[in-house]
Amino acid sequence: MSVTVTRSNKSSLTIDTPVMPAAGVFGYGDEYRDLIQLEKLGALVTNPVTVSAWSPSSGTRVVPLESGVLVHTGLPNPGLNKVINTYRSMWSRMPIPVVLHLVITNAEEAKRGAARIEEEDSITAVELGIADDLEASEAAKQVAAFVEASEKALIVRLPFGVSADFAEAVIDAGAGAVVLYAPPRGTARDAGGRLVSGRVYSPIVKPLVLRSVGQIVRRVNAPVIGAGGIHSAADARDYLDAGAVAVQVDSLTWINPKMLEIIARDLGGLVITQPLGALPDEWNPGMGETERRRRISDAPTKEDP
Amino acid sequence: MRELILNIERVRRVNETHQHLILSADQALLNLKAGQSLLAHVEGSSAYLREQWFPISISKSEVVVERPADRLYMPATTVHVLSMIGQPFRYRRTLRSVLLIAYNTSPTPLLLSIPALLANQVGVTLVLLGSAASYKTEHIAPEIEVIIGDADFNWANRVTTVGWADQIFITVDPADELASFRKLWALFNQLRNEIPKAYLFGVFQPILPCGVGACGACMIRTKSGTTFACTQGPAFDLTEMHLT
């Protein structure tokens, strides 16, 4: 089941499964190789990359919340050139399309980034991350600057809570699809009593985004990708039911990596069923030895009445 | 890296502040070395992120993890763990004496190495500073010299213990990690003319959302760039770190 998740523009992005990790949760490629079968995902969305190198933020980066987590990393990355040079070879061997998440702060950066990415065959599409406090007109300028310099399929991740007018503006400027939304920003006290601001990841985000997806899908003439608060296959299906063409899974990947693959298998029409007679460790490859023995000993035997 | 499912078989209170969880063993954990940890999610727990668990003893029959006593763990509970997180401590091959220091936190991340060090005839001194002084050590092997110090880094025979140590491993309160390591760095610069490489290690314990180097939340600055506490840590040579 293939899904085209961007408008047919200069080029488009088609994926086999409408499930992908959100930018910032999955690294640059193979960090989760031991825990997730990458080929089951629709695409790889990289960690945010900036045109120049960015350093990690100082101070507290993670504040656990009642039902979620606040994270402020400062988007550390070695810069677009170095990221491409480091991961090009791995991306070329990836069984799924690579979507590079490019963070830009102005139109000039968008143009420079686009020109650099355009040379790279290993990158299938770009997801543009724009600043939270941007006016729609400025966001549109940045998108237009990128589109002018690149033929790559372009997705734009919108700041949390922006209106349909904002989405329309970036789509009119050339975005092939929009992601609703970047995680919301919040502030919380860390263990040392200091106030820390950052992005909030929580199941509570889902109902907020889901409402916007339902509203914005009806207004725009480009595919919408739902992102925020997905913690089960049912959550992901809710986004598709609301009109999204695909979903991005964020912090669930950290707390239960296998669930990302399970959701991808589910929505990709590959719902797993246990083969008749399969041993427990075949059914669940990550199972520990103790658990495997326990399940085998629990299984009914011929001697059981 | 593997995801394992373990069971909490017993919970044993070892002192006023800590408890030991005796977990079912898993073959995959037998290779876990001192310094490496588990990222655990206890079924039924309301904690959103996985907790970083440092085993203090591993055998073919059980894995023992030390946790604060104010957390509630029940026997017969299932635990999903990501294993193994991080790299082993880099002990020198010709080691005669090791100094382990806990400042304002429990020495838990340092304890797994003790049996192996003792078996190799290495002298081990454990210094508990600041709030770590309240950590009761009755369950620790009697061969270990335990010294209680104060929050200003004063302890009995400080010059001698530092002078004898071939290597020093320090764990501090994760809530104030860099500031604490800066203070300790300044102290050891006073105590020694020169701090050689692979001598003074800081054990970093930031909260780890992912544990695989994907989220970037545990990135720390070194003199040659950046690195991840989750995949390359927890112990880093303080001569190579940017502590600002």
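Modeller: Happy to! Let's begin with a pair of residues: B:Ala102 has B:Leu128, in strand 9 of chain B, as its bridge partner. Please keep in mind that this is a predicted model.

Strands of a sheet pair through backbone hydrogen bonds, and the pairing can be either parallel or antiparallel.

Now let's visit chain A. Its secondary structure comes to ten helices and 15 strands, and 56% of its 305 residues count as buried. Take the contacts in chain A between residues at least 6 apart in sequence: 66% of them join residues at least 24 apart.

Here is a parallel pair in chain A: strand 9 (residues 125-129) of chain A and strand 10 (residues 153-157) of chain A are linked by five bridges. In that pair, A:Leu128 has A:Val156 of strand 10 as its bridge partner. Strand 10 of chain A is mostly covered, with five of its five residues buried. In a regular strand, side chains alternate between the two faces of the sheet. You can follow this along strand 10 of chain A: A:Ala153, A:Ile155 and A:Arg157 point one way, A:Leu154 and A:Val156 point the other way, and all are buried.

For antiparallel pairing, look at the open sheet of four strands in chain A, whose order is 6-7-13-12. Strand 6 (62-65) and strand 12 (185-189) of chain A are at its edges; each has a single partner strand, so one side of each has no neighbour in the sheet. On average, neighbouring strands of this sheet are turned by 40° against each other, direction ignored. Strand 12 of chain A runs antiparallel to strand 13 (residues 195-201) of chain A, and five bridges join the two. Across this pair, A:Gly186 stands opposite A:Gly198 of strand 13.

Helices can be neighbours too. Two packed helices are described by the angle between their axes and the distance between the axes. Helix 6 (residues 233-241) and helix 8 (residues 257-267) of chain A pack at about 50°, with axes 9 Å apart. That angle makes helix 6 of chain A oblique to helix 8 of chain A, and the crossing is right-handed. On the helix 6 side of chain A, the contact is made by A:Ala233, A:Ala236, A:Arg237 and A:Leu240, while helix 8 of chain A brings A:Met259, A:Ile263, A:Asp266 and A:Leu267. Sorted by class, this contact of helix 6 with helix 8 of chain A has six nonpolar, no polar and two charged residues.

Let's end on a single residue. A:Thr253 lies in helix 7 (residues 252-255) of chain A, and A:Thr253 is buried, with a relative accessible area of 0%. Leaving aside neighbours within four places in sequence, A:Thr253 is in contact with A:Val25, A:Phe26, A:Tyr32, A:Ile36 and A:Leu260.

Definitions and conventions
Residues numbered from 1 in each chain as written. Chains lettered and ligands numbered in written order. Predicted model: local features only at pLDDT ≥ 70, side-chain atom pairs only at ≥ 80, totals over all residues. Heavy atoms only, no water. Axes fitted to C-alpha atoms, helices over the stretch in contact; angles between N-to-C directions. Parallel < 35°, antiparallel > 145°, perpendicular 65-115°, else oblique. Left-handed = near helix turned anticlockwise from the far one by under 90°. Contact = heavy atoms within 4.5 Å. Nonpolar A, V, L, I, M, F, W, Y, C, P; charged D, E, K, R; others polar. Buried < 20%, exposed > 50% of the residue type's maximum accessible area, 1.4 Å probe, protein only. Pairing = 2+ DSSP bridges.
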